[in-house]
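Reader: I would like to learn how to read a structure like this one. Please show it, and then let us take its features in turn.

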Amino acid sequence: MTYSPANYPERVLVTKIGFDGHDRGSRVVAAYLRDAGMEVIYTPPWQDIRAVVNLAIQEDVDVIGVSSLATDHLIIPDLLAELRAADVTHVRVIVGGIIPQNERPDLLQAGVSAIFNPGATSEEIVASVRALAAEARAVRDTEEEAM
Amino acid sequence: MSDERAAATDDLSRTVASWQTQYAKEIGQDRTVINRSGIEIRPLYTPLDWSESRYDEDLGVPGAAPFTRGIYSTMHRGRTWTQRQLIGLGTPEDYNARVTMLLQQGASAISLLPCNSGFRGIDCDESPVALLGTCGTVINTTDHMDTALKGVEIDRISTAMNDPTPFTLFAFLLGVAKRRGIPFDKITGTANQSDYISHYVANHMFYRLSQPGARRVFVDHVKFCRAHVPNWNPVSVVGQHMQQAGATPAETMGLTLSTAIQYAEDCIDAGMDPDHVLRRFTYFFDISISFFEEVAKFRAGRRIWARIARDRLGAKDPRAWRFKFHGQTSGVDLTQQQPLNNIARVTAQAIAGIFGGLQSMHTDGFDEALACPTEESARIAVATQNILREEAHLCDVIDPLAGSYYVETLTNEMEEKILDVMQIIEDAGGMYAAADQGIVQRMLGRSALEYQNRIESGAEKIVGVNCYQSEVEEREVPTYRPDRAAMEAQVAAFRAFKAGRDQARIRAVIDDLARAANGSQNVYERVVEAADAGATHGEIIACLRRELGFGHPQMVA
């Protein structure tokens, strides 16, 4: 079966890992994704990386959006490593927030699919999540067929 | 009205009407301008909007109720605002180097922001090293505080601790005072993060103590300070958290005043005298770039508080009616794009704060939308204040915007909006109850989304973001990150310190703390005792979380 937003809306986990509690950005983005018709799973800040991975599996999400205001992006590579360790290869990870220019390459290299800085529009974010969710489902379908 | 005055008003009405006709003809399709608080801004204000007829009741003179024009008779002409930069980075040694530099540059007070791991309620040895000191200084013990404040004369310079309940940083500061033989009554400054309600509803940066637990420690801490550290301000109500989380300026002031009422009534219910306790109330605000709106917000807030302190809370001493506040230029308005433009933004924000009558100020570094300020940007931020004071002569005249038809009308309109917000909170049973019911969280969420929609629609323009975008490659701003090796050494030294303590003594002071939490004695006295004995931040928090409950902010859709 092919998935489309019509029979199965994109599922996105919007979360914050690490120590920072400022959630204005993640709340606004979650609202935009919801209004675009997606199913949003929203967590409070300070999630443990392992808890995020478990939640992503249990909730069968296509995309994880991590918001970072105060340097928590520095541990996002650990999240990607934990996803790989749990054999979750199809879920796409995007990051939004304050990511200094010189620290972007590390995140992209670690496997982050997209980075949104302040100034990104809701349209850009929604379009990116939609495309990445389709990609995630395609990868998952291929993996399931191979099994 | 006398016949003469009525005739003058008629004349004025006719003159204004003729301008109105001319204006409509020349402007064609006029823009609708609505400020962030939702007040429609007209193109011209005249004596028809505001006249001096209520001057005495609404404005008066600086230093006298209702303090609209300032809380001191001399204001900035007499004593300039305190230049208090928020500082928090790296190890205690890194903090000490930065604070020493800023004091040499003209900062006249200091503040300390702990590492985010501290806000999570844990010590550095439980945290990923990658996150330590990136945003705040690692301060887990009295030793750390001693190092951070080496050479800083804490008996002469006021300190602000960004220190939620149960105020461990303050306990470490008192430990340092004790070591240096400084009597506690020489310690001045402010518990900047005592506003626990704002942590639950807005910024969530707290030591994760439960809300009822925080309420208990808050009151004990105020009592402790009254008895032992009388020149410390144990209460700071943080409107900044509300505005950063999305509240409009009017909502921010309304929520802040409602919170202050809650804290004041909690203290009065606990037997404290409003004339004592209210003199130690302070406020902490964001200064956004919505210039006149911010000036009006502060002027209206001061006036409302004076009336509440006197009429509702029963303070008789006019000094207890003063609305003392620290202003921080808002990071929300700063942009990652074309970052040097932020120097201009901070300048405009700072002027709004000065004209708003603040007592102390932090100006953001231009790179503060990206990371902790570097030494260069921190220096420019302090210089901005010096330039405004020395070169632009902003301190020569007190409340210079008073009497402006626009500013006075806006002050009145903001006052109405603020009172509306306070009524919503009052109807919910006060701020503690309103936070419990999610009313505040929903208000913040709705306003944050509305503001973002205004940016997306172009109603709110931001240079370099949704207009005047740069074609050229962005200048790369160096971002501050602490030295990894130094941080690892810091963690190793901390582990060694913990292992080398008198463990029986630590267990005993933590047991005492637990007993106080479960009994009726002052729990904050035991926090100070535990810190002095060498207990760490994480140990004190863990004990109180066990006894008084773990704190989760309430999430509301």
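Reader: In which helix of chain B does B:R379 lie?

Author: This is a predicted model. B:R379 is part of helix α15 of chain B, which runs over residues 375–390.

Reader: How far apart are B:R379 and B:T141?

Author: There are two answers, one along the chain and one in space. B:R379 and B:T141 are separated by 238 residues in sequence and by 29 Å from C-alpha to C-alpha.

Reader: Now chain A. What pattern does it follow along the sequence?

Author: Chain A reads β-α-β-α-β-α-β-α-β-α. That comes to five helices and five strands.

Reader: How does the radius of gyration of chain A agree with that of a compact globule?

Author: One sets the value against the length of the chain. A compact globule of 147 residues would have a radius of gyration near 15 Å, and the 14 Å of chain A agrees with this. The C-alpha trace of chain A spans about 40 × 35 × 25 Å along its principal axes, and 46% of its residues count as buried.

Reader: Which residues of helix α2 in chain A are buried?

Author: In α2, residues 49–58 of chain A, the buried ones include A:V52, A:V53 and A:A56. They lie on the same side of α2(A), because the arc they cover around the axis is only 100 degrees. The cover over the buried residues of α2(A) includes β1 (11–15), β3 (63–68) and α3 (76–85) of chain A. Just after α2(A), A:D60 has a positive phi of about 55 degrees.

Reader: Which residues have the most contacts inside the largest nonpolar core?

Author: In soluble globular proteins, nonpolar side chains tend to be buried together. Here the largest nonpolar core has 188 residues, and A:V63 and B:V527 have the most contacts inside it. Leaving out residues up to four places away in sequence, A:V63 touches residues including A:V12, A:V91, A:I94 and A:L132.

Reader: How many residues of chain B are in contact with chain A?

Author: 32 residues of chain B are in contact with 27 residues of chain A. On the side of chain B that touches chain A, α5 (116–119) and α18 (439–457) of chain B each supply at least two residues. The largest share of that side, five residues, comes from α18(B). By class, the side of chain B that touches chain A has 15 nonpolar, 14 polar and three charged residues.

Note on methods: Residues are numbered from 1 along each chain as its sequence is written. Chains are lettered from A and ligands numbered from 1 in the order in which they are written. This is a predicted model: local features need pLDDT of at least 70, side-chain atom pairs count only at pLDDT 80 or more; totals for chains, interfaces and linings use all residues. A residue is buried if 20 or more other C-beta atoms lie within 10 Å of its own, exposed if 12 or fewer, and partly exposed in between; C-beta atoms are placed from the backbone. Helices (H or I, at least four residues) and strands (E, at least two) are DSSP runs, numbered from the N terminus. The arc is that of the directions from the helix axis to the C-beta atoms. Two residues are in contact if their C-beta atoms, placed from the backbone, lie within 7 Å. A nonpolar core is a set of buried Ala, Val, Leu, Ile, Met, Phe, Trp, Tyr and Cys residues joined through C-beta atoms within 7 Å. Ala, Val, Leu, Ile, Met, Phe, Trp, Tyr, Cys and Pro count as nonpolar, Asp, Glu, Lys and Arg as charged, and the others, Gly among them, as polar. The radius of gyration is taken over C-alpha atoms; the globule rule is 2.2 Å times the number of residues to the power 0.38.
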